[in-house]
Amino acid sequence: MWRDFYKMKFAVEDSTFFSKMTFPDGGEFFLLPLSPDTERSVKRLIENENGHVNFAVIPEEYVPMLLKICPDANVKEQTDFADYLYNAGDLITLEGRKYSGQRNLINQFRRSAPNYTVIDADDVSPDEFADFLQNVYREDKNANSEEKNENREVLEVIQNRALYGMIGCALFSDGRMLGFSLGEKRGDTLYTHIEKADRSVNGAYQTLVNEFSSRYGADVKYINREEDMGDAGLRRAKLAYHPTAMLKKYTIEVH
């Protein structure tokens, strides 16, 4: 999805997927190799780059391994890339005082749109998704340049959703789309990759979060709502759902 934005490059060797990204400031970083033997693949990469490698978005559990290979490496946390992890049951039931705000907004939405429906993404045409993105988000004067960039990437996913293999649903009221969520399941976790809702409709976002969680999260332990990319509003919104853990990511510079 983000391969164009980050100018992604990749190579496959010995059952290992190597990838490299370029950040907007021009910095080039390798991601963690996807491999049956991660440690061996990291060593192979460092050797191939003559001992000078910058890694990014490295999950916290792999930092000790990299420091064992390169004890003098410079490690820095990437706070904007930390994933927000929630107990699936919390987002499904929204029980307790800490979720009273979300419940109130959902009730507001239900009163204002008593005939709302939630439709599986497979039953929604790509044109309907595209119209929503173009008519709601393109006109949103509060959307920053990165969000507008994201909308272009989201549109590509929608037009090729079968290739991405995402599950999801869309929220409608009186025939008008008010939002949609797309994601996937991996092991005991449901991932929310894309989530869009009409900001002008009170409770639309909260209803969408709850409906997506209820429909696809009943048989998993966790829901990963991914990173906030440093957006203050998104950070507040994700913290309001009380994550059970923050999955930290790091840059590691090897010289």
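Predicted model: local features only at pLDDT ≥ 70, side-chain atom pairs only at ≥ 80, totals over all residues.
Asp228 is buried, with a relative accessible area of 2%; buried here means under 20% relative accessible area, exposed means over 50%, and partly exposed lies in between, with a 1.4 Å probe and protein chains only. Asp228 forms a salt bridge with Arg235, their closest N and O atoms being 2.7 Å apart. The term salt bridge denotes a side-chain nitrogen of Lys or Arg within 4 Å of a carboxyl oxygen of Asp or Glu.

Residues are numbered from 1 along each chain as its sequence is written, and side-chain values use heavy atoms, with hydrogens and water left out.

How many salt bridges does the rule give? The count comes to 14. In general, side chains of opposite charge can pair when their charged atoms come close. One of the pairs is Arg3 with Glu156, at 2.7 Å from N to O. Because Arg3 lies in the segment before strand E1 (9-13) and Glu156 in helix H6 (residues 145-159), this pair ties together parts that are 153 residues apart in sequence. Helices (H or I, at least four residues) and strands (E, at least two) are DSSP runs, numbered from the N terminus. Arg3 is partly exposed at 38%, whereas Glu156 is buried at 19%.

Lys196 and Glu150 meet in a salt bridge at 3.4 Å, N to O. Lys196 belongs to strand E10 (residues 189-197) and Glu150 to H6, so the pair links distant parts of the chain, 46 residues apart. Lys196 is buried, at 2% relative accessible area.

I turn to the strands. In E4 (residues 53-59), 6 of the 7 residues are buried, and the strand is thus mostly covered. E4 pairs with strand E13 (residues 249-254) in the antiparallel sense over 5 bridges, where pairing requires that DSSP find at least two bridges between two strands. Within this pairing, Asn54 has Glu253 of E13 as its bridge partner.

Helix H8 (residues 204-216) has 13 residues and reaches 18 Å from its first C-alpha to its last, close to the 18 Å expected; the expected span is 1.5 Å times one less than the number of residues. Because 10 of its 13 residues are buried, H8 is largely enclosed by the rest of the structure. Among the buried residues are Leu208, Phe212 and Tyr216.

Helix H4 (residues 100-112) also has 13 residues, and its end C-alpha atoms are 18 Å apart, in agreement with expectation. Which residues of H4 are buried? They are Gln102, Ile106 and Phe109. These residues cover an arc of only 60° around the axis, which puts them on the same side of H4; the arc is that of the directions from the helix axis to the C-beta atoms. An α-helix has 3.6 residues a turn, so residues three or four places apart point the same way. On the other side of H4, Arg111 and Ser112 are exposed.

Finally, Leu34 lies in the loop between strand E3 (28-30) and helix H1 (38-48). Leu34 is exposed, at 55% relative accessibility.
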